[in-house]
Amino acid sequence: MNSIFSYHVRPMTGGDLDAVVAIEAETYASPWQYEHFQHELTAHHSWPFVAVEGNIVIGYICLMSLFEEAQILNIAVLKDRRGRGVAKTLLERAIASALEAGAEVMALEVRASNSSAIELYERFGFKQVGIRTRYYDAAEDAILMEKIIMEIHK
Ligand SMILES: CC(C)(COP(=O)(O)OP(=O)(O)OC[C@H]1O[C@@H](n2cnc3c(N)ncnc32)[C@H](O)[C@@H]1OP(=O)(O)O)[C@@H](O)C(=O)NCCC(=O)NCCS
């Protein structure tokens with residue numbers, strides 16, 4: 001890959017959906033479908049973002065923020081663009097948007113075996129708050145994680 005790596009994060013649009021769905025399909029065994037992402041574009045409390053290098057989508061995050069609680073519904077980065085801080089930038093953007101929407105807590109679920117994602121979330125101060133036993137395909141546990149994001153006003 002070119003040593004100059006430059007990208008930015010912006011709201012997801014309809015024109016991004018084919019690329020997002022392609023990343024999703026190569027990432028997950030049970031991927032979200034096109035319609036699922038399409039719904040995120042118009043759903044009242046949803047904030048989907050993409051990371052874009054040139055005009056290529058290299059990652060995305062889907063956030064839902066309702067009253068005081070925000071949830072990360074999905075985050076993925078193109079395989080050959082991982083390990084370069086893209087997920088960190090996406091998560092920072094999601095947290096900023098959740099705060100803007102009035103959220104105080106951010107929550108998510110992650111597969112117990114997904115150590116890179118768990119590391120990412122711990123890096124941001126998310127704490128394990130529960131486990132859903134055999135939640136994925138009746139086989140793998142889901143770890144529930146939360147982070148207080150509320151700004152302290154002095
Ligand atoms: C998890 C994922 C989104 C991380 O994306 P990324 O752009 O590679 O992550 P970043 O480069 O921003 O890394 C941020 C931090 O996450 C952690 N991390 C990321 N990849 C890691 C890995 N392979 N091993 C250990 N820690 C890792 C590190 O703490 C890293 O910080 P550091 O680079 O300063 O050490 C990416 O691996 C991915 O798309 N995975 C498949 C989809 C997925 O599992 N999504 C989460 C569902 S809950």
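Me: Where is Phe-67 found, in a strand or in a loop?

Reply: Phe-67 is in the loop between strand 3 (56-66) and strand 4. Strands here are DSSP runs of E with at least two residues, helices are runs of H or I with at least four, and both are numbered from the N terminus. One heads-up: this is a predicted model, where local features need pLDDT of at least 70, side-chain atom pairs count only at pLDDT 80 or more, and totals for chains, interfaces and linings use all residues. Residues are numbered from 1 along each chain as its sequence is written, and side-chain values use heavy atoms, leaving out hydrogens and water.

Me: Why is Phe-67 called exposed?

Reply: Its relative accessibility is 65%. Exposed means over 50%, buried under 20%, and partly exposed in between (1.4 Å probe, protein chains only), so Phe-67 counts as exposed.

Me: What makes the phi of Phe-67 worth a look?

Reply: It's positive, near 50°, and Phe-67 isn't a glycine. Most residues other than glycine have a negative phi. Asp-137 is also a non-glycine with a positive phi, about 55°.

Me: And how do you know that Asp-137 is exposed?

Reply: Asp-137 has 58% relative accessibility, so it counts as exposed. You'll find Asp-137 in the loop between strand 6 (127-136) and strand 7 (140-148).

Me: What makes the pairing of Ser-46 with Glu-40 a polar contact?

Reply: The two side chains come to 3.0 Å. A polar contact is a pair of N or O atoms within 3.5 Å; within protein, one must be able to donate a hydrogen and the other to accept it, and residues adjacent in sequence count only if both atoms are side-chain atoms.

Me: Which helix gives the largest share of the shell around the ligand?

Reply: Helix 4 does, with six residues. Helix 4 spans 115-123, and strand 4 (69-77), helix 3 (86-100) and strand 5 (105-111) also give two or more residues each.
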